[in-house]
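Welcome! Take a moment to look over the sequence and the fold, and then let us walk through a few of the details together.

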Amino acid sequence: VYNMLNRLGPVCPLACETQAVNVLPLIRVNNRQVVLTPDWWVMKIFVDHDGPLGLPVDYHGPRATLAHAGTVPLVDATCTYQPGRRLCILLVNRHLQRNVQVRIFVRGLNEKRIRRIVQTQLWDQDFLATNDWQNPRRLVARRWLVPANLPLRLWLPPHSINALAIELHG
């Protein structure tokens with residue numbers, strides 16, 4: 001849904017605002033602890049990787065047939081840009097069981113312009129995994145550095161949300 005909102009934001013900016021209100025519950029609270037839900041982590045990934053400009057993404061790869069959406073790219077991808085500072089690529093592997101390898105080409109980007117690349121990923125083997133009182137951190141976003149070797153090659157686990165923050169030299 002968030003990648004769709006990224007694509008439609010320039011056309012319908014209010015959709016991005018209302019989604020923040022309608023996605024409930026984002027947290028669970030009792031008298032001893034606060035648990036961040038998977039929905040909270042998804043929201044955080046998209047907020048942390050937002051940029052003022054949306055860039056077009058050309059996807060070339062396998063497709064999937066979904067009952068509610070027809071034939072769609074197996075990997076949903078959007079890109080945002082903060083001029084001169086950061087390029088963020090958001091990738092969702094829609095397949096429930098299969099890893100997908102992606103190669104990412106960014107026109108005009110070379111390794112000398114890259115300061116560092118950080119990948120953030122939300123994933124668990126169990127598609128229905130959630131955070132609860134007994135296991136409040138079962139599903140959390142994990143981050144690591146990615147080598148700046150172009151083109152980028154990544155493996156996306158099944159049903160995962162991935163964000164690449166490509167930080168540029170100023």
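Helices (H or I, at least four residues) and strands (E, at least two) are DSSP runs, numbered from the N terminus. With that naming, His159 lies in the loop between β11 and β12. Phi of His159 is near 40 degrees, a positive value in a residue other than glycine.

A word on the background: this is a predicted model, where local features need pLDDT of at least 70, side-chain atom pairs count only at pLDDT 80 or more, and totals for chains, interfaces and linings use all residues. Residues are numbered from 1 along each chain as its sequence is written, and side-chain values use heavy atoms, with hydrogens and water left out.

How covered are some individual residues? Buried means under 20% relative accessible area, exposed over 50%, and partly exposed in between (1.4 Å probe, protein chains only).

| Residue | Relative accessible area | Class |
|---|---|---|
| Thr37 | 4% | buried |
| His159 | 15% | buried |
| Ile27 | 40% | partly exposed |

Thr37 sits in the loop between β2 (34-36) and α3 (38-48). Beyond its neighbours within four places in sequence, Thr37 is in contact (heavy atoms within 4.5 Å) with Pro25, Leu26, Ile27, Arg28 and Asn131. Ile27, in turn, belongs to strand β1 (residues 27-29).

Now for the interior. A nonpolar core is a set of buried Ala, Val, Leu, Ile, Met, Phe, Trp, Tyr and Cys residues joined through side-chain atoms within 4.5 Å. The largest one has 22 residues, of which Leu91, Val102, Ile104, Leu154, Leu164 and Ile166 touch the most other members. At least two residues of this core come from each of β6 (75-82), β7 (86-93), β8 (100-104), β9 (114-122), β11 (152-156) and β12 (161-168). The most, four residues, are given by β6. Another core, of 10 residues, lies apart from it and includes Trp41, Ile45, Phe46 and Leu122.

Which residues does Leu91 contact, leaving aside its neighbours within four places in sequence? Among them are Val75, Ala77, Val102, Ile104, Leu154 and Ile161.

Two strands pair if DSSP finds at least two bridges between them. Strands β4 (residues 63-66) and β5 (residues 70-73) run antiparallel and are joined by four bridges. Together β4 and β5 form a hairpin, with three residues between them, and Arg63 stands opposite Pro73 in β5.

One last stop is the backbone at Leu150 and Pro151, which are joined by a cis peptide bond with omega of about -5 degrees. Pro151 is in the loop between β10 (142-146) and β11.
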